[in-house]
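Have a look at the picture first, and then we'll go through who touches what.

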Amino acid sequence: MKIAIAGAGAMGSRFGYQLKKAGQDVTLIDPWTDHVEAIREHGLQVDYDGQLDSVEIPILYPQEVTESYDLVVCFTKALGLDAMLANIKPALGEHTRVLCLLNGLGHEKTVEKYVPAENFLIGNTIWTAGLDGPGKAHLYGSGSLALQNVVPGHEEQAKEVAELLDQAGLNATFDPNVRYSIYRKAALNGCVNGVCALLDCNLGSFGSTDSAPVIIREVVSEFAAVAAQEGIILDQPEVVSYVESIFSPDSIGEHFPSLHQDLVQKGRLTEIDFINGAIARQAVEYGFRAPYCELITLLVHSKEQILGAK
Ligand SMILES: NC(=O)C1=CN([C@@H]2O[C@H](COP(=O)(O)OP(=O)(O)OC[C@H]3O[C@@H](n4cnc5c(N)ncnc54)[C@H](OP(=O)(O)O)[C@@H]3O)[C@@H](O)[C@H]2O)C=CC1
Ligand SMILES: CC(C)(CO)C(=O)C(=O)O
């Protein structure tokens, strides 16, 4: 299968690396000049749980894409998804399946502008990754991913993609109820991503504070209230345990959430409007308020402004 990773930052590099090591025909696509040039010159350099490795892997700028792929895995930031898909139209053939694994809520609307719904797969992942610099990915901890076809009747294609990613060691499964998993994962991000950026700490440090259980319980209940309006009934105690399970150093407690990486480490604008911001907006549409999500969103935007994030 000819695979493209659209957005080859930290996570795209992880997926590209693992797929390449598994023998797949994979091409990275990314607009960041230093990163693209570093990978062209030195290969993708990887620190994998302390083991150094490098792989030769083709990488294109979006405007260099001329051919279609069998599978395109989207790993841009939420703010970059639309521009990426607009710029790689030649990659999206009649039969190209597009898998969107970004954090947050509401990406369907963007993808569906460029991809027929029957080719669209949605999912989410708890894998982690960071970049130590252009062309240098830092991979640690364990993870998994779940995906599903958007249009009923296309389960076999979705299962085939899950199988292929699983064979690359990505712990991938077909999930017949992926919208539940997306809300569950978004709730997890809603509890920790903005807060760790505001507190400038990793997951484990936040998890060890006395306030963490209260914040987690309240944020999960706001995600659950919005999800319920869409017919998705989150098992709140289970979601709270899921959030708490990531704080141990044996899990991903050492990890600085991607929103911390963006805002604090790189001075970039964040995905907060697709996480807590999405819940605050949707709650208002459904006639109630989600005050914890509202406040986290406002504070993250304040911090973006204070830091002059771009
Ligand atoms: N990192 C993680 O551990 C996890 C991330 N995710 C999710 O995966 C998706 C992708 O995230 P992630 O891989 O972390 O994103 P990255 O920031 O590592 O990469 C995304 C894009 O950011 C740009 N970029 C990154 N660093 C720089 C830089 N220093 N200068 C200029 N451009 C840069 C590139 O394009 P561009 O310039 O167009 O932005 C790149 O394609 C997000 O939705 C995220 O929430 C999910 C689980 C874990
Ligand atoms: C790994 C995890 C769950 C941590 O919040 C994540 O999704 C992120 O870093 O964005």
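Where does ligand 2 lie relative to domain 1 (2-176) and domain 2 (179-307)? Ligand 2 lies between them, because both domains give residues to the shell around it; the domain bounds come from an automatic or database domain assignment.

Before going further, some housekeeping. This is a predicted model, where local features need pLDDT of at least 70, side-chain atom pairs count only at pLDDT 80 or more, and totals for chains, interfaces and linings use all residues. Residues are numbered from 1 along each chain as its sequence is written, chains are lettered from A and ligands numbered from 1 in the order in which they are written, and side-chain values use heavy atoms, with hydrogens and water left out.

Now for the surroundings of ligand 2. Its shell (residues with a heavy atom within 4 Å of it) includes Lys185, Leu188, Asn189, Val192 and Asn193. Helix H6 (residues 178-199) supplies the largest share of that shell, five residues; helices here are DSSP runs of H or I with at least four residues, numbered from the N terminus. By class, the shell has five nonpolar residues, six polar and one charged. Ala, Val, Leu, Ile, Met, Phe, Trp, Tyr, Cys and Pro count as nonpolar, Asp, Glu, Lys and Arg as charged, and the others, Gly among them, as polar.

What about polar contacts, meaning pairs of N or O atoms within 3.5 Å? Oxygen atoms of ligand 2 are found 2.6 Å from a polar side-chain atom of Asn193, 2.7 Å from one of Asn103 and 2.8 Å from one of His255. On its own, ligand 2 exposes 280 Å², and the protein buries 96% of that (accessible areas by Shrake-Rupley, with a 1.4 Å probe).

Over to ligand 1. Domains 1 and 2 both give residues to its shell too, so ligand 1 lies between them. There are 25 residues around it, and Ala10, Met11, Asp30, Arg268 and Glu271 come nearest.

Conventions:
A polar contact is a pair of N or O atoms within 3.5 Å; within protein, one must be able to donate a hydrogen and the other to accept it, and residues adjacent in sequence count only if both atoms are side-chain atoms. Helices (H or I, at least four residues) and strands (E, at least two) are DSSP runs, numbered from the N terminus.
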